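Hi everyone, thanks for coming. Let me put the structure up on the screen, and then we can walk through a few spots together.

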Amino acid sequence: MTIHRPDVSIITINGKTPKIDDSAFIAPGCRIIGDVVIGPESSIWYNCVVRAEVNTIVIGARTNIQDGSVIHCDGPAPGYPDGFPTVIGDDVLVGHNVLLHGCVLKDRAFVGLSATVMNGAVIEGDGMLAAAAMLTQGKHIEARQLWAGSPARFVRDLDDAAVMGMRMGVAHYVENAKAHAAAIAQN
């Protein structure tokens, strides 16, 4: 089935074509390029770029990548024979204008507005990187930790209310994507 996605570029490069689940919402202005997989009920919001010409980008189920974000990866290099794919799990929240590059966001991770996550960095499930923070290469945010600053450093452990708030955000974005898809289809 071919889904109509107005003003969305889905580009094959180096023999790799993006694989996007039919239930995913891809907003107008997005550019999805190369070896990209986007899972069910995920949402890629207005004017995002997901570019995988040198390695793989995987985005799990019910994950949202908010407006203006850029996701890239790195190919093999000396000392890094596998390069740095970008792997994003299920139920992940990625804020507006985020840069993700060659990193791993485990299920239920959170990245705040205008933050940067660099090659080899990992955010565990229920871990949070604060708005405008920079998680430098190879750093690791453990489950239920909040890191902030540039470069990012551990701030505190997250309480149950913060974790529940992140989960509510995931549910909100799944429903909000359906509303936007319906509005776009009517215009």
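Let's start in the loop between β19 (145-148) and β20 (153-157), where you will find Pro151. One thing to keep in mind as we go is that this is a predicted model. What kind of peptide bond joins Ser150 and Pro151? A cis one, with omega at about 5 degrees. For context, most peptide bonds are trans, and most residues other than glycine have a negative phi.

Please find Ala132, in the loop between β16 (128-129) and β17 (134-135). Ala132 is not a glycine, yet its phi is near 65 degrees. Is Ala132 buried or exposed? It counts as exposed, because its relative accessibility is 53% and the exposed class begins over 50%.

The second one is Asn97, which sits in the loop between β10 (93-94) and β11 (99-101). Its phi is near 55 degrees, again positive in a residue other than glycine. Asn97 has 47% relative accessibility, so it counts as partly exposed.

Stay with Asn97 for a moment, as it is one of the residues that Ser69 touches. Where is Ser69? Look in the loop between β7 (64-65) and β8 (70-72). Ser69 counts as buried because its relative accessibility is 1%, and buried means under 20%. What surrounds it? Leaving aside residues up to four places away in sequence, Ser69 touches Asn47, Cys48 and Val49, and also Val94, Gly95, His96, Asn97 and Val98. Its side chain has polar partners too. A polar atom of that side chain lies 2.9 Å from the backbone oxygen of Gln66, and the side chain also reaches the backbone nitrogen of Val98 at 3.1 Å.

Now for the charged pairs. How many salt bridges does a search of the whole structure find? Nine, and I'd like to show you some of them.

Take Asp91 and Arg62, whose side chains meet in a salt bridge at 2.7 Å, N to O. Asp91 is in the loop between β9 (86-88) and β10, and Arg62 is in the loop between β6 (49-59) and β7, so this pair ties together parts that are 29 residues apart in sequence. Asp91 is partly exposed, at 22% relative accessibility, and Arg62 is partly exposed as well, at 31%.

Next, Glu124 forms a salt bridge with Lys106, with the closest N and O atoms 3.4 Å apart. Here Glu124 belongs to the loop between β15 (122-123) and β16, while Lys106 belongs to the loop between β12 (104-105) and β13 (110-111), 18 residues apart. Glu124 is buried, with a relative accessible area of 18%, whereas Lys106 is partly exposed, with 35%.

My last pair is Lys178 and Glu41, whose side chains meet at 3.6 Å, N to O. Which parts of the chain does this pair link? Lys178 is in helix α1 (residues 160-186), and Glu41 is in the loop between β4 (31-38) and β5 (43-44), 137 residues apart. Both count as partly exposed, Lys178 at 43% relative accessibility and Glu41 at 31%. Glu175 joins in here too: salt bridges that share partners connect Glu41, Glu175 and Lys178 into one network.

That's my tour, and I'm happy to go back to any of these spots on the screen.

How values were computed:
Residues numbered from 1 in each chain as written. Predicted model: local features only at pLDDT ≥ 70, side-chain atom pairs only at ≥ 80, totals over all residues. Heavy atoms only, no water. Helix = DSSP H or I, 4+ residues; strand = E, 2+ residues; numbered from the N terminus. Buried < 20%, exposed > 50% of the residue type's maximum accessible area, 1.4 Å probe, protein only. Polar contact = N/O pair within 3.5 Å; in protein donor to acceptor, adjacent residues only side chain to side chain. Contact = heavy atoms within 4.5 Å. Salt bridge = Lys/Arg side-chain N within 4 Å of Asp/Glu carboxyl O.
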